[in-house]
Amino acid sequence: MTDTSSIAPAPVGLDDGYAYTKVALADGRMVAIPSRARVGSSGVTWVHRGQQRIFEYETEEILYSVGAVDGAPTHFEGYPASGLNRVIVQHALQEAGLAGRSVHAVSGLPASTFYRKNGEQRRKPIEQKRNSLKLPVNPIGDRLSAAIAFHEVIPEALAAWYDHVIVEQDGKALLDESRLSVPIAIVDIGGRTTDFVVVKDQGILHGSSGSLQCGMLDVKQIVANGIQERFDLESLGEQLVAHAVEFKVVRLHGKDYDVGALVESAKQQVVERIRDETRRQLGLGVELDRILFVGGGTVALAEHITNWFPHQTIAEHPAFANARGMLKYLRYVCEASDAA
Ligand SMILES: Nc1ncnc2c1ncn2[C@@H]1O[C@H](COP(=O)(O)OP(=O)(O)OP(=O)(O)O)[C@@H](O)[C@H]1O
Ligand SMILES: [Mg+2]
């Protein structure tokens, strides 16, 4: 066992979304795992350790399985401060090679959970989330836990704005003045929510910011319903549906069926809702300098969101924009005294 007491805490940007948990590390690595876990033991004994695909964790005396399990739905109100969230985050930290390390983290909440419409912060959910991730999680077996010693929470889409305005060059962080001074909208298409944030003069315009409860998990739900109907099935595994959305094929009774048309129509429905809300929130965006699209949904729906605005851009590795911004916020904005 290594003596970890002399090793400095690892700074991480931790975007623990409803669909994927993304981790950005100071050495530039980015790690993502599906936000997929359930209560109870895996019921599987692994013959070869290297092939283990389900991992067990305990928190607040409840045992969870994380990994290749049919995940319990994460889209419930209390998810961000739940044990389910904690074990998924712990597993992501393990996958990022942080076992046994002390971790300093910045994570996020959807803008509408973070702020009231009048711009006030909602203290309760922010506190709950901040405290939840600091509770211990023990990996079952001989793995060491990664312990979050410092944890700050910021609005998710604002993290992407930090990613946009803080530019790292030759190991130094610079504020890009030309990006800082102009009004910009961030559209974050995620699993459960699509977040809108407009930033002007380094402040959030709350009237044009908010969250729509619609994202890639809705695509998954529509596809699940369609498959159940077409093949007259009573229930359907969550991993099977995820595979169907990604590869447009579903394997039933050992045979592959093409579900491309179903997946396309599900995407169309979701895109239409997101486009309508984008228009409602941002209008034609004439006073904005740029509309920046981020989030995994931006990748999954790329061909459907071209040409919404003449001045739209897609962030680099859009699914990781928030996590990168959270890491930059931790390293360059959080006061050193806070993290000490
Ligand atoms: N590289 C990729 N290629 C294709 N699709 C992707 C990719 N990355 C993510 N996705 C899709 O985008 C969806 C949303 O991913 P994302 O990580 O943004 O969600 P999330 O942050 O977990 O959700 P929320 O923000 O609502 O909590 C995923 O369900 C997945 O279907
Ligand atoms: Mg997200």
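Me: A residue is buried if 20 or more other C-beta atoms lie within 10 Å of its own, exposed if 12 or fewer, and partly exposed in between, with C-beta atoms placed from the backbone. Going by that, why is Ile291 called buried?

Reply: First, a word on the source: this is a predicted model, where local features need pLDDT of at least 70, side-chain atom pairs count only at pLDDT 80 or more, and totals for chains, interfaces and linings use all residues. Residues are numbered from 1 along each chain as its sequence is written, while chains are lettered from A and ligands numbered from 1 in the order in which they are written. Now, Ile291 has 21 other C-beta atoms within 10 Å. The cut-off is 20 or more, so Ile291 is buried.

Me: Where does Ile291 sit, and which residues does Ile291 touch?

Reply: Ile291 belongs to strand β18, residues 290-294. Strands are DSSP runs of E with at least two residues, helices are runs of H or I with at least four, and both are numbered from the N terminus. Leaving out residues up to four places away in sequence, Ile291 touches Ala185, Val187, Leu282, Gly285, Phe309, His311 and Gln312. A contact here is a pair of residues whose C-beta atoms, placed from the backbone, lie within 7 Å. As for Leu212, 79 residues away along the chain, its C-alpha atom is 17 Å from that of Ile291.

Me: How many bridges hold the β16 and β17 pairing, and which turn residue has a positive phi?

Reply: Four bridges join β16 (residues 249-252) and β17 (residues 255-258), in the antiparallel sense. Leu252 has Lys255 as its bridge partner. The hairpin leaves two residues between the strands, and His253 in the turn has a positive phi of about 50 degrees.

Me: Why are α6 and α7 called roughly perpendicular?

Reply: The axes of α6 (residues 216-231) and α7 (residues 238-247) come within 9 Å and cross at roughly 105 degrees. That lands in the perpendicular class, so α6 is roughly perpendicular to α7 (65 to 115 degrees; under 35 is roughly parallel, over 145 roughly antiparallel, the rest oblique). Axes are lines fitted to C-alpha atoms, for helices over the stretch in contact, and angles run from 0 to 180 degrees between N-to-C directions. The contact comes from Val219, Lys220, Val223, Ala224 and Ile227 of α6 and Val241, Ala242, Ala244 and Val245 of α7.

Me: How many residues of that contact are nonpolar?

Reply: Eight, with no polar and one charged. Ala, Val, Leu, Ile, Met, Phe, Trp, Tyr, Cys and Pro count as nonpolar, Asp, Glu, Lys and Arg as charged, and the others, Gly among them, as polar.

Me: What makes β3 and β9 edge strands?

Reply: The five-strand open sheet runs β3-β2-β1-β7-β9, with mixed pairing. β3 (30-34) and β9 (147-155) each have a single partner strand, so one side of each lacks a neighbour in the sheet. The average twist from one strand to the next is 20 degrees. Inside the sheet, β1 (residues 10-16) and β2 (residues 20-25) share five antiparallel bridges, and Gly13 stands opposite Ala24.

Me: Which residues have the most contacts inside the largest nonpolar core?

Reply: Ala160, Ala185, Ile186, Val197, Val223 and Met326, in a core of 90 residues. Such a core is a set of buried Ala, Val, Leu, Ile, Met, Phe, Trp, Tyr and Cys residues joined through C-beta atoms within 7 Å. Helix α4 (residues 156-165) gives the most, seven residues.

How values were computed:
Two residues are in contact if their C-beta atoms, placed from the backbone, lie within 7 Å. Two strands pair if DSSP finds at least two bridges between them.
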